[in-house]
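The sequence and structure come first.

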Amino acid sequence: MGAATVTKSSPAVCSMAVAAVAFMAAAAAVASLIAVPAAAAASPVPAIYVLGDSLADVGNNNHLVTLLKADFPHNGIDYPGKKATGRFSNGKNSVDFLAENLGLATSPPYLALSSSSNPNYANGVNFASGGAGVSNATNKDQCISFDQQIDYLASVHASLVQSLGQAQATAHLAKSLFAITIGSNDIIHYAKANSAAKLTATAGAADPSQQFVDELIQTLTGQLQRLYGLGARKVLFLGTGPVGCTPSLRELSPAKDCSALANGISVRYNAAAATLLGGMAARYADMHYALFDSSAALLRYIDQPAAYGFTEAKAACCGLGDMNAKIGCTPLSFYCDNRTSHVFWDFYHPTETTARKLTSTAFDGSAPLIFPMNIRQLSAI
């Protein structure tokens, strides 16, 4: 009886069944083309595009012939799998925690992604390279310069336009977060070159360190303008930290004090970057930004380590020589047992714990450390 009934209504039933099957097949095909991880679908931003230096490098320098690498022990000792990934850290760095807070996977390094057979740039890309500076002369030929990183972003932009179409690519990039951390290496090089010099300006003469800051900002202005032209509308600028207090620069002082020159330049550079970004946001109604004052935020840990859970804020955890600051972190270096107690991992870079705390402050904090909005607010726009 069941078979007879089906036979009687088979034309209508079959046509509906075929239509349903065709619809589901088409839906599945479309879904496979636009599928994103569940975390990404729930994130306020579709992707993170990262540019900068070793504070944000997640493996680009692994692909370069350079001395500026971190793809060996004891780097990564606290990373999942205890693997040295190219991060200049004992574990994760700030962009890892940024992605986690936004419910996204860490954006992969551009040089690894671009060499794959079918690179997917829509889920984010990290262009950061250890050693990079605002100036192309900083660690020249040893890293991906900031200008070259922007050139790579231009290639990614063109690829996205080709794959998504101009309108969809533009909308995608406008919703994405562009995270930038650049300037520390320029300041460190300048401070080291002038550590023994007397830089106090004579009456009527320009302060040479201020001239240096002005030159950096002039270059940065053009670079940020290029980023805007390539679709950056949500810009997170992670200002330079108190680089004068890194173990490497402390080591230059007989008393192991912070370099006042380097720290002073960092403060002025961050202030000038804030003015630059504020001016751009005033000119472009569709651009929004957040600037994190890394200098002021990190100085809290250095000046009052116990209040923030640290016991060592001067010496590096991993390295060799006085304060573990004579030689960087290598397989032959000593490293501390408790990395969570140290502010600095090696003679330049923060520990995973420091990076986590700083990112947390930038994500949900408030002025004057993060302004004119925090990362959560910026990403929600």
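Aspartate 96 is buried in this predicted model, because its relative accessible area is 2% and buried means under 20%. Its salt-bridge partner is arginine 87, with the closest N and O atoms 2.7 Å apart. Arginine 87 is buried as well, at 6% relative accessibility.

How many salt bridges does the structure hold? The count is 11. Three of them are listed here by residue pair and by the distance from N to O.

| Pair | N to O distance |
|---|---|
| Aspartate 96 and arginine 87 | 2.7 Å |
| Lysine 92 and glutamate 100 | 2.5 Å |
| Arginine 376 and aspartate 364 | 2.5 Å |

Is the salt bridge between lysine 92 and glutamate 100 made by buried or partly exposed residues? Lysine 92 has a relative accessibility of 21%, so it counts as partly exposed. Glutamate 100, with a relative accessible area of 42%, is partly exposed too.

The side chains of arginine 376 and aspartate 364 also meet in a salt bridge. This pair links distant parts of the chain, 12 residues apart: arginine 376 belongs to helix α13 (residues 375-380), and aspartate 364 to helix α12 (residues 352-364). Arginine 376 is partly exposed at 44% relative accessibility, and aspartate 364 is partly exposed at 43%.

Salt bridges can also join into a group. Here, a network of them links Glu251, Lys256, Asp322 and Lys326.

Key: Residues numbered from 1 in each chain as written. Predicted model: local features only at pLDDT ≥ 70, side-chain atom pairs only at ≥ 80, totals over all residues. Heavy atoms only, no water. Salt bridge = Lys/Arg side-chain N within 4 Å of Asp/Glu carboxyl O. Buried < 20%, exposed > 50% of the residue type's maximum accessible area, 1.4 Å probe, protein only. Helix = DSSP H or I, 4+ residues; strand = E, 2+ residues; numbered from the N terminus.
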